[in-house]
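Take a look at the sequence and the 3D picture, then read on.

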Amino acid sequence: MPPDPFAEATVLLVDVTELTNVYAYPPTDRWLRANMVTSLDGAASYEGKVSHLGSEADQQVLSLLRGLSDVVIVGANTVRVEGYGPMPPRDSWRDIRRGRPPAPPLAIVSARLDLDFDAPVFADAYVRPILITCASAPEERRKRAEQRAEVLVCGDLIADIGEALDALAERGLTRQLSEGGPRLLAEIAAAGRLDELCLTLSPRIVAGTGPRIVNGPLIEDLPMSLGNVFEEDGFLFMRYLRTEADKA
């Protein structure tokens, strides 16, 4: 019988060693986890921003998951709305990144390359970002992008997320972390690439018309099993794993 994930529901998230053990990537050839937050009533953002639903503990988990990953994958709209900046190395990553670069690259998915390439996320990047786009992207924008990032062309009219994840894995970036947004996560799930979902439940009811954490056309049911649950200040931090039966 699997262990009861609620056996120790209240765990102080300052215990970095325990969190590192819980969130360590499994010893597989490749693994994609997503990290998302939602309100009690299912909203994936508040006043347009995901960060408005989070907390200090949520940021701690976010930082740890980034440190454990080989690459952080995010949609262009999330980069613009959330004001993504560079991801420099952190002291807390020193041990968990031993033998790897001090910080993971940011891989941004953008079909049109409608991004500010002078923004800090590009201009001040510690590790050269990766831009995932498609063949129909404007040639002038692609040339500009190549000055700031490594550009991967995956797909013709839209960025093919399955092809992109394969290309990242071929570069040795096998421990993959997606931070959304909801449309990108929908594409990942539809492609059958979501192995794990780290979900923060924020103790807020916000109403409004914000999207769910997965926002796209209906897909085949994707069963997942609860792995771990932690609580702090009313926030629940849950880790769901794709069931072995579904992977087979």
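How far apart do the end C-alpha atoms of residues 30–221 lie? They lie 22 Å apart, and the span is 27% helix and 19% strand. According to UniProt, in an unreviewed entry, residues 30–221 carry the feature "domain: Bacterial bifunctional deaminase-reductase C-terminal". Keep in mind that you're looking at a predicted model.

**The whole chain**
- The protein chain has eight helices and nine strands.
- Its radius of gyration is 18 Å, close to the 18 Å that the globule rule gives for 248 residues, so the chain is as compact as a globular protein of that length.
- Along its principal axes, the C-alpha trace spans about 55 × 40 × 40 Å.
- Out of the 248 residues, 47% count as buried.
- Take the contacts with a separation of 6 or more: 70% of them come from residues 24 or more positions apart.

**Helix 2**
- Helix 2 covers residues 56–68, which makes 13 residues.
- From its first C-alpha to its last it reaches 19 Å, close to the 18 Å expected at 1.5 Å a residue.
- This helix is mostly covered, with 10 of its 13 residues buried.
- Among those buried residues are Val61, Leu62, Leu64, Leu65 and Leu68, but also Asp58 and Arg66.

- In soluble globular proteins, nonpolar side chains tend to be buried together.
- The largest nonpolar core here has 34 residues, and Tyr23, Leu106, Ile108, Leu115, Phe122 and Leu131 touch the most other members.
- Several elements give two or more residues to this core, including helix 1 (16–23), helix 2, strand 3 (106–109) and strand 9.
- Helix 2 provides the largest share of this core, at five residues.
- Apart from this core lies another one, of 28 residues, with Val109, Ile161, Ile213 and Met238 among them.
- Back to Leu115: if you leave aside its neighbours within four places in sequence, Leu115 is in contact with Ala76, Val79, Arg80, Ile108, Ser110, Phe122, Leu131 and Arg141.

**A buried arginine**
- Arg242 sits in strand 9, which runs over residues 235–242.
- Why does Arg242 count as buried? Its relative accessibility is 14%, and buried means under 20%.
- The side chain of Arg242 reaches the backbone oxygen of Gly192 at 2.6 Å.

How values were computed
Residues are numbered from 1 along each chain as its sequence is written. This is a predicted model: local features need pLDDT of at least 70, side-chain atom pairs count only at pLDDT 80 or more; totals for chains, interfaces and linings use all residues. Side-chain values use heavy atoms; hydrogens and water are left out. Helices (H or I, at least four residues) and strands (E, at least two) are DSSP runs, numbered from the N terminus. Buried means under 20% relative accessible area, exposed over 50%, partly exposed in between (1.4 Å probe, protein chains only). A polar contact is a pair of N or O atoms within 3.5 Å; within protein, one must be able to donate a hydrogen and the other to accept it, and residues adjacent in sequence count only if both atoms are side-chain atoms. The expected span of a helix is 1.5 Å times one less than its number of residues. A nonpolar core is a set of buried Ala, Val, Leu, Ile, Met, Phe, Trp, Tyr and Cys residues joined through side-chain atoms within 4.5 Å. Contact means heavy atoms within 4.5 Å. UniProt positions are given in the numbering used here, feature names are shortened, and annotations may be inferred rather than shown by experiment. The radius of gyration is taken over C-alpha atoms; the globule rule is 2.2 Å times the number of residues to the power 0.38.
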